[in-house]
Amino acid sequence: MPVPVKATIFSYQVGFGDCFLLRYSYDDGQRRHMLIDFGTTGLPEGAAASYMSLIAKDIAGKCTERRGDGLDVVVATHRHADHISGFATRDDGKGSGDIIAALKPKVVVLPWTEAPEAPEDWLGPEDSGTAQAFESRRQSLQAMHETAALAVAFARDPKTKLPLGLAGEMGFIGEVNLANLSAVKNLQAMGEAAEHRYVFHGCDIKLGNILPEITIDVLGPPTLVQTESIRKQASRNRDEFWMLQPKRFAAATGPTKKQSLFPNAPSAYGTKLFTEQRWLGRRIDELQAELTLSLVRDLDKQMNNTSVVLLMRAGSKSLLFPGDAQLENWQYALQSPLATLLDDVDVYKVGHHGSLNATPRSMWKRFLKRGDQDHPHRLTSVLSTKLGKHGSVAKETEVPRRTLVQELEKNSNFFTTEALPPDKLYHEVDIAL
């Protein structure tokens with residue numbers, strides 16, 4: 001049986017997004033490739049519109065440069081645009097997603113929330129309501145995307161006259177959560193012989209024949225059955241909440257002819273307020289916008305917590321790729337028997353582009369290999385991000401969070417796409433196994 005001797009991480013500069021090509025090199029000369037996410041919502045400065053196709057071609061070149069090489073596994077951690085937009089196809093067949101699909105990956109890995117229907121051997125929500133749970137989740141996701149689309153339209157409508165910063169944040173978060181249907185469909189159909197794994201905490205990902213001598217533990221996302229916190233959310237009809245939101249949101253963002261109770265009656269909507277009324281009008285608009293932003297942030301949080309979290313062990317090394325998993329996703333993993341595996345992590349793909357709530361302290365403290373430059377087996381961390389795209393320095397929510405970056409710089413061998421020159425596509429990080 002061939003043994004992996006080196007892992008190489010190609011951390012691509014996609015701006016605000018994630019794209020990691022992981023290559024395992026074996027002692028018999030074989031190489032296996034895994035692409036983990038491919039998306040952006042903010043290209044690097046000066047990048048051309050064809051930039052993602054350029055990256056896709058580079059990925060294809062690396063996966064096929066030697067006889068016998070190929071793209072073995074594609075992982076889409078969750079359906080946020082900054083993680084899957086690169087998988088989108090074009091009608092002329094020349095999109096970045098078409099380039100990746102042409103590589104015909106053997107297996108596509110997605111979170112259990114993306115399963116179009118429950119497979120016969122499904123081991124996810126282990127109760128009699130499995131089919132109903134899937135249908136409820138499907139409807140919930142659709143409603144979330146509809147809400148995101150309404151939020152983007154609301155933020156960009158000049159009639160709303162939102163404060164610039166608030167409108168920018170609302171539009172950005174809303175855009176991240178749009179459906180990306182082309183990318184989703186491509187992932188579901190990718191490769192004529194591709195198999196799909198819809199994974200959840202503790203499941204058997206069944207990649208032993210594709211990635212020999214590599215053990216992969218799935219730490220997230222948890223299922224509705226596994227985690228009590230999600231059970232409590234379900235008991236408060238979280239899914240139903242999202243299914244109702246598009247109608248509520250549309251009603252809240254201004255009347256239309258279809259929504260008007262009295263469509264044929266004279267209306268004052270759109271007219272100017274009297275001077276003494278304008279302060280109240282502005283305050284109502286601001287309050288409406290703040291509530292809308294809160295809703296869109298909640299949507300973003302829910303989707304991040306469907307992220308696939310993979311811990312890969314090869315030789316003497318462990319590599320952790322958590323997508324955008326946030327605290328609620330981590331809470332279950334950190335309380336499970338698999339949590340002890342985090343103690344020996346050698347490589348950490350920093351969660352959510354450096355967002356503070358994606359690297360909880362309880363997880364960070366488990367990394368026994370974090371330490372100063374004299375640490376004999378020092379942790380390596382890789383980060384894909386773009387400054388100034390998300391969050392606020394004044395509110396201490398900027399991404400990447402300054403305090404987290406300082407900690408990563410101090411206690412790990414730190415690689416960030418922010419440090420790459422404009423003409424370089426990726427960091428190449430070699431890990432001896």
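This is a predicted model: local features need pLDDT of at least 70, side-chain atom pairs count only at pLDDT 80 or more; totals for chains, interfaces and linings use all residues.

The protein chain has 433 residues, and 54% of them are buried. Its secondary structure consists of 12 helices and 13 strands. Among contacts with a separation of 6 or more, 73% are between residues 24 or more positions apart. As for the surface, the accessible area of the chain is about 20,800 Å², and carbon and sulfur atoms account for 52% of that area.

The largest cavity has a volume of about 70 Å³. Which elements supply at least two residues each to the lining of that cavity? They are strand E5, residues 107-111, and helix H6, residues 181-189. H6 gives the most, with 3 residues. Among the lining residues are Leu110, Pro111, Val184, Leu187 and Gln188; the lining also includes His78, Arg79 and Glu114. By class, the lining comprises 6 nonpolar, 3 polar and 2 charged residues.

Next, consider helix H12, residues 402-411, where Leu404, Val405, Leu408 and Asn411 are buried. These residues lie on the same side of H12, because they cover an arc of only 155° around the axis. What do the buried residues of H12 pack against? Their partners are helix H11 (361-364), strand E11 (380-383) and strand E12 (413-416).

The loop between E11 and H12 contains proline 400. A cis peptide bond joins valine 399 to this proline, with omega at about 0°. A cis peptide bond also joins glycine 220 and proline 221, where omega is about 5°. Proline 221 is located in the loop between strand E7 (214-220) and helix H7 (228-235).

Lysine 104 has phi near 50° and sits in the loop between helix H3 (96-101) and E5. Histidine 352, also not a glycine, has a positive phi of about 50°; its place is the loop between strand E10 (347-349) and H11. Is each of these residues buried, or is it partly exposed? Lysine 104 is partly exposed, with a relative accessible area of 47%. Histidine 352 is buried, and its relative accessible area is 5%.

Thank you for your attention.

Note on methods. Residues are numbered from 1 along each chain as its sequence is written. Side-chain values use heavy atoms; hydrogens and water are left out. Buried means under 20% relative accessible area, exposed over 50%, partly exposed in between (1.4 Å probe, protein chains only). Helices (H or I, at least four residues) and strands (E, at least two) are DSSP runs, numbered from the N terminus. The arc is that of the directions from the helix axis to the C-beta atoms. Contact means heavy atoms within 4.5 Å. On a 1 Å grid over the protein atoms alone, a cavity is a set of points where a 1.4 Å probe fits but cannot get out, and a pocket is an open set with protein on both sides within 12 Å along at least five of seven lines; lining residues have an atom within 4 Å of a point. Grid points are joined across faces, edges and corners, and a volume is the space filled by probe spheres set on the points. Ala, Val, Leu, Ile, Met, Phe, Trp, Tyr, Cys and Pro count as nonpolar, Asp, Glu, Lys and Arg as charged, and the others, Gly among them, as polar. Accessible areas come from the Shrake-Rupley method with a 1.4 Å probe; for residues, only the protein chains shown count as cover.
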